[in-house]
Amino acid sequence: MRWTLKPQPDIVTQEKLAQELGIDSFLAGLLVQRGVDAFAKAKSFFRPDLNELHDPFLMKDMDVAVKRIQKAIGNNENILVYGDYDVDGTTSVALMSTFLLSFYDRVATYIPDRYGEGYG
């Protein structure tokens with residue numbers, strides 16, 4: 001696999017954005033490479049309006065998962081949020097369990113040990 005590097009951002013745009021946001025020029029350059037080249041775009045990028053977020057029900061079987069969680073809560077069942085040890089896995093477990101625990105106390109989490117028995 002090869003990395004594909006984005007072209008270097010326009011230095012004038014980069015410096016202007018750094019000044020507008022009060023951030024380091026290098027960070028502004030990364031934002032410009034992502035298409036965030038103005039204050040309004042940066043605001044939308046860091047603090048999106050709920051209408052700008054993707055519809056979670058576009059994910060396969062999201063409706064099935066929601067119904068199952070609702071059923072578990074309705075039946076006072078335990079809920080296990082099972083994740084992965086990579087960054088998106090641990091983040092999603094943290095977000096989901098924190099959300100559920102804000103109104104339901106029968107929630108546990110599990111993240112497998114990356115170097116534990118049975119791995120590689």
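In which helix is the place of S25?

Modeller: S25 has its place in helix α2; helices are DSSP runs of H or I of at least four residues, numbered from the N terminus. This is a predicted model, in which local features need pLDDT of at least 70 and side-chain atom pairs count only at pLDDT 80 or more, while totals for chains, interfaces and linings use all residues. Residues are numbered from 1 along each chain as its sequence is written, and side-chain values use heavy atoms, with hydrogens and water left out.

The side chains of S25 and E15 are joined by a polar contact of 2.5 Å (a pair of N or O atoms within 3.5 Å; within protein, one must be able to donate a hydrogen and the other to accept it, and residues adjacent in sequence count only if both atoms are side-chain atoms). Leaving aside residues up to four places away in sequence, S25 touches Q14, E15 and A18, contact meaning heavy atoms within 4.5 Å.

S25 is also one of the buried residues of α2, together with A28, G29, L31 and V32. They lie on the same side of α2 because they cover an arc of only 160° around the axis, the arc being that of the directions from the helix axis to the C-beta atoms. Their cover includes α1 (11–21) and α3 (39–46). L27, also in α2 (residues 25–33), is partly exposed, with a relative accessible area of 39%; buried means under 20%, exposed over 50%, and partly exposed in between (1.4 Å probe, protein chains only).

At the start of α2, a side-chain oxygen of D24 comes to within 2.9 Å of the backbone nitrogen of F26. After α2 comes G35, with a positive phi near 90°.

Key:
Helices (H or I, at least four residues) and strands (E, at least two) are DSSP runs, numbered from the N terminus.
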